[in-house]
Amino acid sequence: ALALAACAPTKEPFHATDLSGTPLGGPLALADHAGKARTLADFKGKVVILFFGYTQCPDVCPTNMAAMARVMELLGAQDAARVQVLFVTVDPERDTAELLAQYVPSFNPSFLGLVGTPAQIDAIAKEFRIFFKKQPGATPTTYTVDHSAGSYVYDPKGALRLYLKHGDAPDKIAADVRRLLAGE
């Protein structure tokens, strides 16, 4: 039996960080940019990519969202239909549902923006160990928000599986997503 086990092919590791079995995450109950109440359970059967950011972000957020749009292109229509990208705002003070409805789908029409009260966002950020902090600007409304830049990936069964670092290549992300869609 040991000889056979030694000859068995080993699975390639994911390109992203494997979070399988970690205690990160938790319930997510927010409104989408159309005003519909959403939880992660709404997307069971799909790979969910969850990113925390804000619409006024000058660099990280638009770069990440553009990369996710490229991932969807690489997956092709059939596989992309089984993926849901969720953008959770860490700036609910400025990021209204209306603003999210303009910003988030501009990268891909299937992407959803999620918004909640500051207390809801704080609670969810703690569950995912997301850092964010308002940095003063020249005026009270021109502040920036320092925030974590990675994304979390759930498999179609609803289990948290991967952490994507900001800057991961879209082709590598697409390869990992395909593996999750295949049931790995």
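Select Asp-95 and show what surrounds it: beyond its neighbours within four places in sequence, Asp-95 is in contact with Gly-53, Tyr-54, Thr-55, Thr-89, Leu-100 and Val-115. Keep in mind that this is a predicted model. Asp-95 sits in the loop between strand 5 (83-89) and helix 3 (97-103).

Now show the side chains of Asp-95 and Thr-89. A polar contact of 2.5 Å joins them.

**Strand 3**

Go to Arg-38, in strand 3 (residues 37-39). Is Arg-38 buried or exposed? Its relative accessibility is 16%, so Arg-38 counts as buried. Select its contacts, again leaving aside neighbours within four places in sequence. They are Leu-28, Ala-29, Leu-30, Asp-32, Phe-43, Leu-112 and Leu-114.

**Helix 2**

Select residues 60-80, which form helix 2. Where does helix 2 bend? Centre on Leu-74: helix 2 bends there by about 70 degrees.

Then colour the buried residues of helix 2. They are Cys-61, Asn-64, Met-65, Ala-67, Met-68, Ala-69, Val-71, Met-72, Leu-75 and Ala-80.

**Helix 5**

Move to residues 170-181, helix 5. Its 12 residues reach 16 Å from first C-alpha to last, close to the 16 Å expected at 1.5 Å a residue. Which residues of helix 5 are buried? Highlight Ile-173, Ala-174, Asp-176, Val-177, Arg-179, Leu-180 and Leu-181.

Step past the end of helix 5 to Gly-183, which follows the helix. Check its backbone: phi is positive, near 100 degrees.

**Arg-129**

Last stop: Arg-129, in the loop between helix 4 (118-128) and strand 7 (132-135). With 57% relative accessibility, Arg-129 counts as exposed. What does Arg-129 touch, not counting residues up to four places away in sequence? Select Leu-24 and Ser-148. Finish with a C-alpha to C-alpha distance from Arg-129 to Ser-148. The two residues are 8.8 Å apart in space and 19 residues apart in sequence.

Key: Residues are numbered from 1 along each chain as its sequence is written. This is a predicted model: local features need pLDDT of at least 70, side-chain atom pairs count only at pLDDT 80 or more; totals for chains, interfaces and linings use all residues. Side-chain values use heavy atoms; hydrogens and water are left out. Helices (H or I, at least four residues) and strands (E, at least two) are DSSP runs, numbered from the N terminus. A polar contact is a pair of N or O atoms within 3.5 Å; within protein, one must be able to donate a hydrogen and the other to accept it, and residues adjacent in sequence count only if both atoms are side-chain atoms. Contact means heavy atoms within 4.5 Å. Buried means under 20% relative accessible area, exposed over 50%, partly exposed in between (1.4 Å probe, protein chains only). The expected span of a helix is 1.5 Å times one less than its number of residues. The bend at a residue is the angle between axes fitted to the seven residues ending there and the seven starting there.
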